[in-house]
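Let's go through this model one label at a time and ask where each label comes from. Keep the structure open while you read.

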Amino acid sequence: MSQEQTAAAGASAPTATDDADADATARKMQVLEFELGGETYCVDIDYVSEIVDRGSLTSVPNAPNYVEGVMDLRGRTTSIVNPKTLLNVEDRGEASRIVIFDASNFQDDAAVGWLVDEVDQVVRVSMDDVEDPPMERGEFIEGIVRQEDGLVVWISPTKTVS
C-alpha cells in the first residue's frame with residue numbers, strides 16, 4: 001500500500017518522530033528503589049520476584065560474612081544476603097524488608113534475597129540519566145542514576161552474589 005493509500009484509508013504513515021519516540025521508549029527501564037543505610041539504591045525490576053517482610057532467619061555456620069542466614073520461602077530455602085556488608089554501607093538499624101530475586105538469574109538457580117531497610121518505589125529510568133559507575137566498588141555497580149532529588153546507585157544483584 002502506498003503512503004497515499006494509507007493516508008486515504010485513515011491510517012498515518014510512520015514518521016521520523018515515531019522512530020524517535022520508539023527509541024526513547026526503548027531507552028527506558030524500570031527499577032526498584034530501596035534504602036540502605038540512609039542512601040537510595042536500585043536494581044532492574046526484571047530481577048525482582050517479590051518483596052516480603054523480614055521473618056526469622058536461620059544462621060548458616062561458615063557462611064560468608066555477607067550471608068545473614070536462610071529462610072523457608074514457599075517451600076524453598078532462600079539465602080538472605082546483607083548488601084550493606086558487600087557495599088561497605090553504614091548499618092543504621094534493622095532491615096525490615098527482603099527483596100527476593102528471580103532464581104533463574106543466578107548460577108545454579110540459587111534462591112537469593114537482599115535485606116533492605118525500606119522499599120521505596122518502582123520508577124522508570126531513562127538510560128540517558130545513567131552515568132558510568134565510579135571506579136571503587138565498580139564490580140557491583142551498574143551505574144549512577146541522576147534524578148531531580150539526588151543520585152541513586154544502580155546495583156547488579158547477579159554480580160554481588162556468585
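Q: What does "buried" mean here?
A: A residue is buried when its relative accessible area is under 20%. Keep in mind that this is a predicted model.

Q: Why is aspartate 117 called buried?
A: Its relative accessible area is 16%, and the cut-off is under 20%, so aspartate 117 counts as buried.

Q: Where does aspartate 117 sit?
A: Look in the loop between strand E7 (112–116) and strand E8 (118–126).

Q: What makes the pairing of aspartate 117 and lysine 84 a polar contact?
A: The two side chains are joined at 2.6 Å, and the limit for such a pair of N or O atoms is 3.5 Å.

Q: Which residues have the most contacts inside the largest nonpolar core?
A: Tyr41, Val43, Trp114 and Ile155, in a core of 23 residues. Elements giving two or more residues to this core include strand E1 (28–36), strand E2 (39–44), helix H3 (83–87) and E7. There's also a second, separate core of 8 residues, with Leu73, Ile80, Ile100 and Leu115 among them.

Q: What does tyrosine 41 touch, not counting residues up to four places away in sequence?
A: Its contacts include Leu32, Phe34, Leu87, Val152 and Ile155.

Q: How do you know that E1 and E2 pair?
A: Pairing takes at least two bridges, and 6 bridges join E1 to E2, so they qualify. The two run antiparallel. One spot to check is leucine 32, whose bridge partner in E2 is valine 43.

Q: What is the strand order in the open sheet of 6 strands?
A: E8-E1-E2-E11-E10-E9, with mixed pairing.

Q: What makes E8 and strand E9 (130–131) edge strands?
A: Each of them pairs on one side only.

Q: What about the open sheet of 5 strands: what is its order?
A: That one goes E3-E6-E7-E5-E4, again with mixed pairing.

Q: Why are strand E3 (48–53) and strand E4 (67–73) at the edges?
A: Each has a single partner strand, so one side of each lacks a neighbour in the sheet. From one strand to the next, the twist averages 30°.

Q: How do you know that E4 pairs with strand E5 (residues 76–81)?
A: They share 6 bridges in the antiparallel sense, and at least two are needed, so the pair passes. Within it, glycine 69 stands opposite isoleucine 80 in E5.

Terms used
Residues numbered from 1 in each chain as written. Predicted model: local features only at pLDDT ≥ 70, side-chain atom pairs only at ≥ 80, totals over all residues. Heavy atoms only, no water. Helix = DSSP H or I, 4+ residues; strand = E, 2+ residues; numbered from the N terminus. Buried < 20%, exposed > 50% of the residue type's maximum accessible area, 1.4 Å probe, protein only. Polar contact = N/O pair within 3.5 Å; in protein donor to acceptor, adjacent residues only side chain to side chain. Core = buried A, V, L, I, M, F, W, Y, C linked by side-chain atoms within 4.5 Å. Contact = heavy atoms within 4.5 Å. Axes fitted to C-alpha atoms, helices over the stretch in contact; angles between N-to-C directions.
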